[in-house]
Amino acid sequence: MIVPYGNVLLLAVILFLMGAACAVARRNLLMILIGVEIMLNAAGLAFVAASLKWQGMDGQVFVLFIFAVAASEVAVGLALIVYSQRRTGSMNADDYNRMRG
Amino acid sequence: MTLFAVIFYVLAIVVLASTLLAIIQRQVVHAIVYLILSFLATALLFYLLGAPFLAVLEVIIYAGAIMVLFLFVVMTVRAEPMRGTRWETLRQWLPAIALGIISLCVAGILIAQVPGSEIGLTAGMATPTAFGRYLFKSYWLPVEIVSFLLLIGLVGTLYLGRQETKPAGEKGENHP
């Protein structure tokens, strides 16, 4: 026996809330993307723990798909950040309020 | 308390501390370095919970590829100092912390009340061979869809990252 299943779930919840707080409270676009990464990582941890609890491999397969989605999301997100930083010259989320093309 | 439990709690403390340090850093580079530490400890947690292949993938994809991508972007764009006084920063953090604590309390009560969460996890391990066989036997169609998603991400990144130096008249050229 390693630990109760609830402890792993609680760890995943705390990690997820840390990522959500980072994505909500920070104003830097890169830090918002980092918060999303932390949230995806916490979801993966919960999936792995559930996979061990029910002794199946479906949870681990889902974590593999989460990895792929996170990788493509961060690639497109960083390209968007670089593109909009080139256009507007700012990386602060408060500056994106003018709605001009 | 077994040895595995001690390892789990130590790794949990490392993960939580490094993530907390990462999200409160003022410099993005420092946050990325702390986050690499957090992802390495998470990879060890995956190994402890019986997923060695996913532990390796966590190191390669998260701590390797994604964080290096972040570092490249940080080096590419111009660094900006954080604006605002300390009070304004605190005013941004306060609602997030309050809502997070409320959600954490609710989640803790829920996890404690739902039956089955107090069952101890028995140590097991899915070998990479068994994992690969299971993946391509039961989930071959999602694998193909995910590969298509990665291709779309590649094309989108290339489209967004192209140089806009050529004048508007010559649209026929393909190379940047």
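Chain B contains 6 helices and 0 strands, where helices (H or I, at least four residues) and strands (E, at least two) are DSSP runs numbered from the N terminus. The model is a predicted one, in which local features need pLDDT of at least 70 and side-chain atom pairs count only at pLDDT 80 or more, while totals for chains, interfaces and linings use all residues. Residues are numbered from 1 along each chain as its sequence is written, and chains are lettered from A and ligands numbered from 1 in the order in which they are written.

Read from the N terminus, the elements of chain B follow the order α-α-α-α-α-α. Of the 176 residues in chain B, 20% are buried; a residue is buried if 20 or more other C-beta atoms lie within 10 Å of its own, exposed if 12 or fewer, and partly exposed in between, with C-beta atoms placed from the backbone. Among contacts in chain B between residues at least 6 apart in sequence, 49% link residues at least 24 apart, a contact being a pair of residues whose C-beta atoms, placed from the backbone, lie within 7 Å. The domain assignment of chain B gives domain 1 (1-79) and domain 2 (126-160), with bounds that come from an automatic or database domain assignment. The C-alpha centres of domain 1 and domain 2 of chain B are 23 Å apart.

Helix 1 (residues 3-23) of chain B packs with helix 2 of chain B at an angle of about 160°, and their axes are 8 Å apart. Axes are lines fitted to C-alpha atoms, for helices over the stretch in contact, and angles run from 0 to 180 degrees between N-to-C directions. Helix 1 and helix 2 of chain B are therefore roughly antiparallel to each other (angles under 35 degrees count as roughly parallel, over 145 as roughly antiparallel, 65 to 115 as roughly perpendicular and the rest as oblique). Their crossing is left-handed, that is, the near helix is turned anticlockwise from the far one by less than a right angle; clockwise would be right-handed. Residues making the contact include B:Phe4, B:Ile7 and B:Phe8 of helix 1 of chain B, and B:Ala31, B:Tyr34 and B:Leu35 of helix 2 of chain B. By class, this contact of helix 1 with helix 2 of chain B has 17 nonpolar, 4 polar and no charged residues; Ala, Val, Leu, Ile, Met, Phe, Trp, Tyr, Cys and Pro count as nonpolar, Asp, Glu, Lys and Arg as charged, and the others, Gly among them, as polar.

B:Val29 lies in helix 2 (residues 28-48) of chain B. B:Val29 is partly exposed, because 14 other C-beta atoms lie within 10 Å. The C-alpha atoms of B:Val29 and B:Phe70 are 8.7 Å apart, although 41 residues separate them along the chain.

In chain A, helix 1 (residues 5-25) and helix 2 (residues 29-53) pack at an angle of about 170°, with their axes 7 Å apart. These two helices of chain A are therefore roughly antiparallel to each other. The contact of helix 1 with helix 2 of chain A comprises 22 nonpolar, 3 polar and 1 charged residues.

A:Gln55 is in the loop between helix 2 and helix 3 (58-88) of chain A. A:Gln55 is exposed, because 11 other C-beta atoms lie within 10 Å.

The contact between the chains takes 57 residues from chain A and 69 residues from chain B. Helix 3 of chain A gives the most to the side of chain A that touches chain B, with 21 residues.

Methods
Contact = placed C-beta atoms within 7 Å.
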